[in-house]
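I opened my notebook to jot down what I looked up in this one. Have the sequence and the 3D view at hand while reading.

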Amino acid sequence: MNAAMTSRQLELSLHPGSTVPRNLSWRIEEGYLQMVGWSDQDESFTLGLWGPGDLVIPSLMDFSPLQLMALSRARLQEASPGLQERESFLVLQSQQIATLLKLSRTRPAEARVFQLLTWMGERFGRVSRRGVSLCFEEMNLTHRNLAEISGLTRVTVTKARSEEHTSELQSH
């Protein structure tokens, strides 16, 4: 009698800030991931954000130091992407990096935060008749996390968000 070994895909349940193994590919079932790199001056910068349904292939990111981490609570399943999925990931990743680079050069800070939230809303938001909504709690988008993604300080993001709300109130 031949016993065949079945391979099981690894599943992970993560808390915000948990590190994700970079040697495997992942399909995000729930939650959000962030890829972070560091400069020679030890400043962090975001290289990508992914959400439910997205495929993440960290091994294709040839940059060091690099860390893939859970932005929010997340549930991941190991994936075995084919050539076409790998190529699609690289194209989408290049687009994300270009968007994040462009955002990092946007001035003033209020415009940068607004453009970041607009991009995230287009990417991860829910569309309704009233517009696009982005659930900060679901994504764990604290002012600190928004600051890390945008390359601003937490204080600057808090001020920018306060000014944004003030502008909204004055325009109504």
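First, a term I need: buried means under 20% relative accessible area, exposed over 50%, and partly exposed in between, with a 1.4 Å probe and protein chains only.

Ground rules. This is a predicted model, where local features need pLDDT of at least 70 and side-chain atom pairs count only at pLDDT 80 or more, while totals for chains, interfaces and linings use all residues. Residues are numbered from 1 along each chain as its sequence is written, and side-chain values use heavy atoms, with hydrogens and water left out.

Entry: positive phi. I looked up Asn 140 and found phi near 60°, a positive value in a residue other than glycine. Asn 140 sits in the loop between α3 (136-139) and α4, and at 24% relative accessibility it counts as partly exposed. Helices (H or I, at least four residues) and strands (E, at least two) are DSSP runs, numbered from the N terminus. I found Asp 42 in the loop between β3 (33-38) and β4 (44-50), exposed at a relative accessible area of 61%.

Entry: cis bonds. The peptide bond from Ser 64 to Pro 65 is cis, omega near -5°, and Pro 65 lies in the loop between β5 (55-56) and β6 (66-70). The bond from Arg 107 to Pro 108 is cis, with omega near -5°. I placed Pro 108 in the loop between α1 and α2.

Entry: α2 and its partners. Which residues of α2 are buried? I noted Ala 109, Arg 112, Val 113, Leu 116, Leu 117, Trp 119, Met 120, Gly 121 and Phe 124.

How do α1 (residues 83-104) and α2 cross? Their axes come within 9 Å and cross at roughly 160°; axes are lines fitted to C-alpha atoms, for helices over the stretch in contact, and angles run from 0 to 180 degrees between N-to-C directions. That makes α1 roughly antiparallel to α2 (angles under 35 degrees count as roughly parallel, over 145 as roughly antiparallel, 65 to 115 as roughly perpendicular and the rest as oblique). On α1, the contact (heavy atoms within 4.5 Å) uses Gln 96, Thr 99, Leu 100, Leu 103 and Ser 104.

Next I checked α2 (residues 109-124) against α4 (residues 143-150): the axes come within 11 Å and cross at roughly 95°. The two are therefore roughly perpendicular. Arg 112, Leu 116, Leu 117 and Met 120 in α2 meet Leu 146, Ile 149 and Ser 150 in α4.
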